[in-house]
Amino acid sequence: MRLYEITSTPISTDAVIARLADPAVGAIATFVGVVRGETDGRKTLHLEYEAYPDMAEATLAQVGDEIGERWPSIRAVAIVHRIGRLEVGETATVIAVSAAHRPDVFDALRYGIDRLKEIVPIWKKEIWADGEEWKSGMTNFTN
Amino acid sequence: MEIKVKFFAAPREALGKNELEVTLPEGAAVTDLIEHLKAEYPILRAYTRFLSVAVNKAYVGWGTELHDGDEVACLPPVGGG
């Protein structure tokens, strides 16, 4: 089972996990990316996420394919990312992977979120009281 | 040849548009498109150093040749997750 979705509506982690249900599965690992209320000492008012939709879903699928190649024991991969305005505390992304047994699920999950942050055409704008800024992995790198 | 160019995030806001139609000579490559954009829209020059480019929704190198009807996306450093 592969689920790759860019959505404008709130994400239910339970609903994503339910999609991985499979009698052959004994282990599910889940990552939830949540909007944090503070960054660099500044209070975040809200975030805005933007995507290049078709290409974003295609690169989510690429991330899933790479997981499948590296960890053949992985049975299902789900990656859902929300776009639009998100308030502090809301869920921006859910990634879930499943397997019959647990050894590979943690590494596969970590790879999924790290790789999403590298290649998926989604952008995040942070809005705080005195300004706003598009943030990226590169911003963090140069800081 | 007619190329559709899409913009996102900071360069989109700087330009004030999310899409442009650009006419280029046959045989032009991505790098020629970038030079054209920098000449026509100087505000974009601040963003071209760290730009990735996709043609028809796949990442490509700047030497890639373009064809009539291609959709090119100018992608600033990504920030999902």
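Leaving out neighbours within four places in sequence, V120(A) is in contact with A56(A), T59(A), L60(A), V63(A), R115(A) and, from the other chain, V78(B); contact here means heavy atoms within 4.5 Å. The model is a predicted one, in which local features need pLDDT of at least 70 and side-chain atom pairs count only at pLDDT 80 or more, while totals for chains, interfaces and linings use all residues. Side-chain values use heavy atoms, with hydrogens and water left out, residues are numbered from 1 along each chain as its sequence is written, and chains are lettered from A and ligands numbered from 1 in the order in which they are written.

V120(A) also turns up among the residues with the most contacts inside the largest nonpolar core, along with I67(A), I74(A), I79(A) and V97(A). That core has 31 residues. A nonpolar core is a set of buried Ala, Val, Leu, Ile, Met, Phe, Trp, Tyr and Cys residues joined through side-chain atoms within 4.5 Å; buried means under 20% relative accessible area, exposed over 50%, and partly exposed in between, with a 1.4 Å probe and protein chains only. At least two core residues each come from β1 (2–7), β2 (27–34), β4 (42–51), α2 (53–70), β5 (74–82), β7 (91–99) and α3 (105–119) of chain A. The largest share, seven residues, is supplied by α3(A). A second, separate core has 20 residues, including V22(B), A28(B), L51(B) and L66(B). In soluble globular proteins, nonpolar side chains tend to be buried together.

Chain A, taken as a whole, has four helices and nine strands; helices (H or I, at least four residues) and strands (E, at least two) are DSSP runs, numbered from the N terminus. Along the sequence, the order is β-α-β-β-β-α-β-β-β-α-β-β-α. The chain's radius of gyration is 16 Å, close to the 15 Å that the globule rule gives for 143 residues, so chain A is as compact as a globular protein of that length. This radius is taken over C-alpha atoms, and the rule is 2.2 Å times the number of residues to the power 0.38. The C-alpha trace of chain A spans about 50 × 30 × 30 Å along its principal axes. Of its 143 residues, 49% are buried. Among contacts in chain A with a separation of 6 or more, 77% are between residues 24 or more positions apart.

One buried residue in chain A is I6(A), which sits in strand β1 and has 15% relative accessibility. Apart from neighbours within four places in sequence, I6(A) is in contact with A51(A), P53(A), A56(A), E57(A), L60(A), H81(A), I83(A) and I122(A).

Turning to chain B, there are two helices and five strands, which run β-α-β-α-β-β-β from the N terminus on. A compact globule of 81 residues would have a radius of gyration near 12 Å, and chain B agrees, with 12 Å. Its C-alpha trace spans about 35 × 25 × 20 Å along the principal axes, and 44% of its 81 residues count as buried. Here, residues 24 or more positions apart make up 50% of the contacts with a separation of 6 or more.

L44(B) lies in the loop between α2 (30–40) and β3 (52–55) of chain B, and yet L44(B) is buried, with a relative accessible area of 5%. Not counting residues up to four places away in sequence, L44(B) touches F7(B), P11(B), L15(B) and L37(B). One of these, L15(B), is 29 residues away in sequence and 6.9 Å away in space, C-alpha to C-alpha.

Most residues other than glycine have a negative phi. N56(B), however, has a positive phi near 50°, and K57(B) has a positive phi near 70°. N56(B) is found in the loop between β3 and β4 (58–60) of chain B, and K57(B) belongs to the loop between β3 and β4 too. N56(B) is partly exposed, at 43% relative accessible area, and K57(B) is partly exposed at 31%.
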